[in-house]
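Here are some friendly notes to read with the structure open beside you. Take the points one at a time and find each residue as you go.

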Amino acid sequence: MRILVSGGAGYIGSHTTLQLIAAGHEAVIVDDFSRSKRSVIPRLDALAGAPIEWYAVDVTDRDATESLVAGGSFEAVIHFAGLKAVGESVEQPLDYYRVNLGSTLSLLAAMGRHGVRKIVFSSSATVYGENAAVPMEEDFPTSATNPYGWTKVMQEQILRDAAVADPSLRVALLRYFNPVGAHASGTIGEDPSGIPNNLMPLIAQVAVGRREKVMVFGDDYPTPDGTGRRDYLHVEDLAAGHVAALDRLGTTADPVSTWNLGTGTPTSVREMVDAFSRACGRALPFEIAPRRPGDIAESYADPSRAETELGWTADRTIDQMCEDTWRWQSQNPEGYPDDE
Ligand code: WQD
């Protein structure tokens, strides 16, 4: 299939684009490069073994998105484009609603006008809110405690309502747990702009010497070692989940399907620091700091629906996640080069 990948120059989008191509699809990247670098494109071309078609378009721009989809002969959209920092969303809520909801509305409008019937949406375990039991199941109620989380809850609702209005639409809501890791080549990986929010890029920056130590946000949680536990999954497993979901949309009778993409196994902050120390060959310095407001003790998936319905499991190990992240970070200490 010919597939439009919004945010395809980003961390998860770039890894998914490669796997779509490896699966025989024609993946076309659209990205405004506001949170990604154009220098990823030649690296993707090299890994794909052929030039990848791409467009520098802001998909919140309805006219530009209309023009792109009108002339694109796309059979599906995978929608990654969006803002994703919890803290930033509290400071800049209007930007988060404008970009995250606006991009989805703009893409759906263009899809409806041009007969594009399948969409895979990048959702997040954050929609389970802060009072969910573990392991989290897809039928749990959704809620949020920050504007970023609300944009994911609302985008899911927009997509469900769009499918009620047009039952020929096929929607996959993919709820990511904690994506980490990098392509085994070490030439593409996670390159957050500014100060990273997430644990793994912060650990990697300590390992490569860009940061002094890992601040462990709280060791008094009700968990075995007192530190927060999350369901980390390798970005390559996550990318494979998108390919599987896309294929499933071709056969499912239900207009909307929701799948958790996680391993089902939690890992603590301390365990992750230890695993990364093994990967980089030295004990990484860390300091226990106060809890981060809004953090929950534990978050991990019940991945059984994706296993059953998609034939998908996230089976790369924590050590592999750390080894692949370390290869990317050590080969690219400053991340992707700035655009020439
Ligand atoms: C993981 C664990 C922290 C940094 C967020 C979003 C979620 C998704 C993934 C987008 C927690 C601890 C972290 C640090 C630490 N994003 N930590 N020191 O909060 O589970 O999820 O990112 O879709 O929507 O909510 O991920 O990587 O920020 O934190 O101790 O310097 O690491 O307390 O236990 P989180 P995270």
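1. Let's begin with a salt bridge, meaning a side-chain nitrogen of Lys or Arg within 4 Å of a carboxyl oxygen of Asp or Glu. The side chains of arginine 2 and glutamate 53 form one, with 2.9 Å from N to O. This pair links distant parts of the chain, 51 residues apart: arginine 2 sits in strand β1 (residues 2–6), and glutamate 53 in the loop between α2 (40–48) and β3 (54–56). Helices (H or I, at least four residues) and strands (E, at least two) are DSSP runs, numbered from the N terminus.

2. A word on where this comes from: this is a predicted model, in which local features need pLDDT of at least 70 and side-chain atom pairs count only at pLDDT 80 or more, while totals for chains, interfaces and linings use all residues. Residues are numbered from 1 along each chain as its sequence is written, and side-chain values use heavy atoms, with hydrogens and water left out.

3. Arginine 2 is buried, at 13%, while glutamate 53 is partly exposed, at 28%. Arg2 and Glu53 also belong to a network of salt bridges together with Glu26.

4. How many salt bridges are there by this rule? The count comes to 21. One of them joins aspartate 95 to arginine 98, with the closest N and O atoms 3.7 Å apart. Both residues are in helix α5 (residues 93–113), and because they are three residues apart there, about one helical turn separates them. Aspartate 95 is partly exposed, with a relative accessibility of 31%, and arginine 98 is partly exposed as well, at 47%.

5. Now try a pair from loops. The side chains of arginine 291 and aspartate 220 meet in a salt bridge, 2.9 Å from N to O. This pair links distant parts of the chain, 71 residues apart, with arginine 291 in the loop between β13 (286–289) and β14 (298–299), and aspartate 220 in the loop between β8 and β9 (229–230). Arginine 291 is partly exposed, with a relative accessible area of 42%.

6. Next, the ligand. Which residues are closest to the ligand? Of the 19 residues that surround it, the closest are Tyr148, Leu199, Met215, Arg230 and Asp295; a residue counts here if one of its heavy atoms lies within 4 Å of the molecule. By class, this shell has nine nonpolar, six polar and four charged residues. Ala, Val, Leu, Ile, Met, Phe, Trp, Tyr, Cys and Pro count as nonpolar, Asp, Glu, Lys and Arg as charged, and the others, Gly among them, as polar.

7. Which elements supply the shell? Both α7 (199–207) and β8 (214–217) give at least two residues each. The element that gives the most is β8, with three residues.

8. Look for the oxygen atoms of the ligand and the side chains beside them. A polar side-chain atom of aspartate 295 lies 2.6 Å from a ligand oxygen. For asparagine 198, an N or O atom of the side chain is 2.8 Å from a ligand oxygen, and for asparagine 178 a polar side-chain atom is 3.0 Å from one. Taken alone the ligand exposes 680 Å², and the protein buries 88% of that; these areas come from the Shrake-Rupley method with a 1.4 Å probe.

9. Some backbone details deserve a look. The peptide bond from valine 134 to proline 135 is cis, with omega near -5°, and proline 135 is in the loop between β5 (118–124) and α6 (147–165). Phenylalanine 33, in the loop between β2 (26–31) and α2, has a phi near 60°, a positive value in a residue other than glycine. Phenylalanine 33 is buried, at 11% relative accessibility. Serine 73 has a positive phi too, of about 50°, but serine 73 is exposed, at 56%.

10. Finally, step back to the whole protein. Its secondary structure comes to 11 helices and 14 strands. Of its 340 residues, 55% are buried. Its C-alpha atoms fill a box of roughly 55 × 45 × 40 Å, taken along the principal axes.

Note on methods: Polar contact = N/O pair within 3.5 Å; in protein donor to acceptor, adjacent residues only side chain to side chain. Buried < 20%, exposed > 50% of the residue type's maximum accessible area, 1.4 Å probe, protein only.
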